[in-house]
Amino acid sequence: MSQGFFDDDALFDTVTSRPQRDPSRLLADLTEPQRQAVTHPGGPILVVAGAGSGKTRVLTRRVAYLLEVDHVAPWEILAITFTNKAADEMKRRVNELVGGRSDRMWVQTFHSACLRMLRAHSDVLGYQAGFSIYDTDEGRAEVERIMKELHIDIKGNKPRSVLSAISAAKNAMLTPETYVEVNADPKREMVAEVFQRYESTLRRANAMDFDDLLLNAVRMLQVSDDVRDRYQQQFRHILVDEFQDTNGVQSEFVTILGGYHHNVFVVGDADQSIYRFRAADVRNILLFSERHPGATTILLEENFRSTQTILDAANAVISRNESRIPKNLFTHKGHGEKIRLFAADDEYDEGRWVVQELQRFRNELNIPWRDIAVFYRTNAQSRVLEEQCIRSGVPYRVIAGLRFYDRKEVKDVLAYARLIVNPRDDAAARRVINEPRRGVGAAAQSKIQNYASDRNLSFAEAIGSGAMAGLTGKAARGAEQFDELMSELRALANDLTPGEIIAEIAARSGIMKELLDDGSEEARSRVENLGELANAASEYENLLEFLERLALTADSDQLDSEAGVVSLMTLHVAKGLEFPAVVITGLEEGVFPHVRAMDNQAELEEERRLAYVGITRAMRHLTLTHAWSRTQWGRRVDSLTSRFWNEVPEELVHDVSARPPLRRSTFAELDYGFTGRDSEFTSGRAFGTGSAQEASRSGADLLGLESGDRVHHDRFGDGTVTSVTGEGEKQRAFVRFDETGSEKQLVLSISPLRRI
Ligand code: ATP
Ligand code: MG
């Protein structure tokens with residue numbers, strides 16, 4: 001795995017080990033247009049170029065050049081990267097180059113740069129130090145609560161979509177008032193009302209959501225001349241990677257900050273704009289020259305990453321988009337291998353074949369696991385791939401949402417930690433006021449909420465006034481205990497390290513005791529998780545810093561280039577990365593392009609850009625797969641090949657799927673309940689060799705099962721049939737098992753199933 005600038009190791013090492021640094025080393029291995037960009041004398045500059053043409057490399061190199069040759073001080077540079085990981089990597093390189101001075105350089109994501117400024121000056125907007133950052137779930141919960149308060153039907157208007165409407169409004173820099181002015185229909189008026197309350201709820205809780213971080217930073221720069229002057233003068237150079245995925249607020253942030261020195265350096269590729277759903281606006285690239293008069297534009301046309309075959313495929317696909325400026329990417333890397341295609345029967349067949357492909361990369365082509373990646377359109381597609389990797393012993397890592405930090409016990413302890421830092425954090429207070437139980441149930445909580453609303457307090461603040469809010473007995477005592485616990489923890493927090501505070505929270509809140517009393521295997525692993533959380537916290541200077549890092553970590557930050565494992569990730573996460581060997585799975589209409597995009601031209605073009613991003617991650621080997629049928633939303637549906645698959649010219653591909661027996665071998669695999677080693681069904685021996693006769697038969701297909709019937713399965717226990725499809729030997733049923741609550745699809749003729 002690499003991120004464009006990793007291969008600069010050698011260069012930086014050479015530079016640092018020389019007593020006399022030679023700046024020409026910074027330029028020696030660049031093409032002429034790349035060199036022009038790196039040595040640009042000043043003023044706004046836009047580097048637009050296709051994937052793999054060295055944009056990220058040029059940006060990193062320019063930072064080094066500014067420090068080395070132009071003698072710009074580290075703190076005069078603001079470099080914006082797309083993930084914290086990329087930021088860390090850049091800092092490390094620069095550190096090697098200029099030593100400790102680079103600590104003062106701002107290499108950030110948009111969100112972390114905004115947060116850093118807000119931490120220092122948010123008082124100009126009326127926030128207190130230590131404000132909380134609400135994640136999307138917390139924002140949605142607030143919206144839902146507000147909608148209920150306003151008696152708005154939450155079935156007809158989903159809180160999630162109301163929150164996205166609010167988010168879109170914020171990204172367009174609209175306030176609740178200006179939002180309705182744009183177009184006053186009843187729906188918008190409803191959203192505006194929720195929006196208004198949402199804003200004041202967050203204010204009272206001394207909290208911001210992700211959109212606020214950007215928006216408030218811009219507002220702060222607009223309203224405070226002092227703050228604006230300070231940063232405008234400080235940042236002599238501003239550099240932004242992946243500029244095509246900035247939204248209006250981010251672009252405004254850059255424009256304001258660059259308003260004094262005008263040294264704004266942005267790199268991007270309009271064909272890789274894939275965050276429209278988060279309000280990214282590719283027009284920011286197109287309008288750059290207008291917003292920054294006198295801007296220089298540099299085009300890079302040579303791709304240094306991929307083979308010509310991969311590049312031709314990418315170009316063929318993206319050229320179908322109508323709203324784009326044609327580009328001419330070429331490489332000197334030669335044609336390389338053809339792109340391999342495999343059409344699978346279903347997702348299990350696909351998963352199994354993909355794992356064989358991974359083994360081929362490694363065993364026949366000597367590509368280490370870490371240099372291989374598998375992409376898919378949606379997170380859910382990883383499950384089957386993971387199962388197959390586990391089965392075959394292929395080490396992998398899913399680069400996805402922060403699983404560990406999503407665990408309940410971890411979130412609970414973190415909520416206490418947030419309340420220590422921000423005593424007004426409502427989302428955190430609601431989460432743990434009764435966790436572990438202290439008698440402050442829903443009724444008591446709504447009394448506290450009413451008391452708070454009447455007095456314009458946050459919910460969290462009102463907890464201390466339990467008795468006045470009308471709480472009695474157990475609930476009143478519980479609220480009081482909680483209030484005392486928080487004061488105690490806040491006092492402790494002054495003297496303890498973040499790791500120690502986490503441990504104290506677990507102990508004093510009673511969370512640890514509850515888990516230890518439980519004593520189950522599950523509870524033990526939760527205890528271990530809390531230990532791990534304390535370990536993670538101990539790497540930070542203070543609690544606030546730890547919490548911030550958690551709030552702002554992006555998916556691809558989890559990539560660990562050292563680990564010898566295959567990386568599994570969605571196409572969105574793959575942006576900016578490169579791998580010698582790549583497999584893209586699930587190339588089916590409705591999967592990729594995603595079903596939501598199918599009848600909208602603009603969205604379809606965005607999906608196609610995503611395909612372009614995926615294909616252009618591959619350096620030497622690219623494999624595409626699709627399945628003729630796939631389970632979606634619990635139902636098996638037949639699929640058509642993705643249009644993107646068909647758009648790759650035939651002469652570039654080698655179809656390896658024309659092997660008829662495979663269609664059968666997968667039949668046994670369908671019964672994915674039987675994936676354990678001990679199962680006689682795992683081998684798929686009968687179906688795999690093409691003879692159905694040898695399979696162990698259960699006769700469950702003769703039971704005449706219908707939806708609603710109760711059944712017993714030898715391994716999974718009792719369950720209820722939710723649906724039956726197909727006939728005869730191929731008859732399949734979906735059964736929801738009582739114990740796990742999960743639904744499994746079973747091929748009845750071989751499932752050890754009976755009626756109960
Ligand atoms: P993306 O659009 O995918 O973000 P990019 O334009 O940022 O791609 P980089 O990641 O910077 O491209 O570069 C792609 C690869 O090409 C990297 O491995 C990089 O080190 C290499 N590369 C870039 N320029 C040169 C060059 N002049 N000589 C050799 N290798 C280069
Ligand atoms: Mg890049």
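Reader: Which residues come nearest to ligand 1?
Author: This is a predicted model, where local features need pLDDT of at least 70 and side-chain atom pairs pLDDT 80 or more, while totals for chains, interfaces and linings use all residues. Residues are numbered from 1 along each chain as written, chains are lettered from A and ligands numbered from 1 in written order, and side-chain values use heavy atoms, leaving out hydrogens and water. A residue is near a molecule if one of its heavy atoms lies within 4 Å of it. There are 20 residues around ligand 1, and the ones that come nearest are Gln34, Lys55, Gln272, Glu578 and Arg617.

Reader: How far is the polar side-chain atom of glutamine 34 from a nitrogen atom of ligand 1?
Author: Polar contacts here are pairs of N or O atoms within 3.5 Å. For the side chain of glutamine 34, the distance to a ligand nitrogen is 2.8 Å.

Reader: What share of ligand 1 does the protein bury?
Author: Accessible areas come from the Shrake-Rupley method with a 1.4 Å probe. Taken alone, ligand 1 exposes 630 Å², and the part that the protein buries is 91%.

Reader: Which helix gives the most residues to the shell around ligand 1?
Author: Helices (H or I, at least four residues) and strands (E, at least two) are DSSP runs numbered from the N terminus. With three residues in the shell, spanning residues 55-68 of the chain as a whole, the top giver is helix α3.

Reader: Between which domains does ligand 1 lie, and why?
Author: The bounds come from an automatic or database domain assignment. Both domains give residues to the shell, so ligand 1 lies between domain 1 (3-122 + 214-300) and domain 3 (339-395 + 558-682).

Reader: How many bridges join β19 to β20?
Author: Strands pair if DSSP finds at least two bridges between them. Strand β19 (residues 717-725) has an antiparallel partner in β18 (residues 710-713), with four bridges and a hairpin of three residues joining the two. Toward β20 (residues 732-737), valine 724 stands opposite alanine 733. That antiparallel pairing of β19 and β20 has six bridges.

Reader: Which strands stand at the edges of this sheet?
Author: The open sheet has five strands in the order β21-β20-β19-β18-β22, with antiparallel pairing. Each edge strand has a single partner, so one side is left without a neighbour in the sheet; these are β21 (743-747) and β22 (753-755).

Reader: What is the bridge partner of arginine 736 in β21?
Author: β20 and β21 pair in the antiparallel sense over five bridges. In β21, the partner of arginine 736 is glutamate 743.

Technical notes:
Polar contact = N/O pair within 3.5 Å; in protein donor to acceptor, adjacent residues only side chain to side chain.
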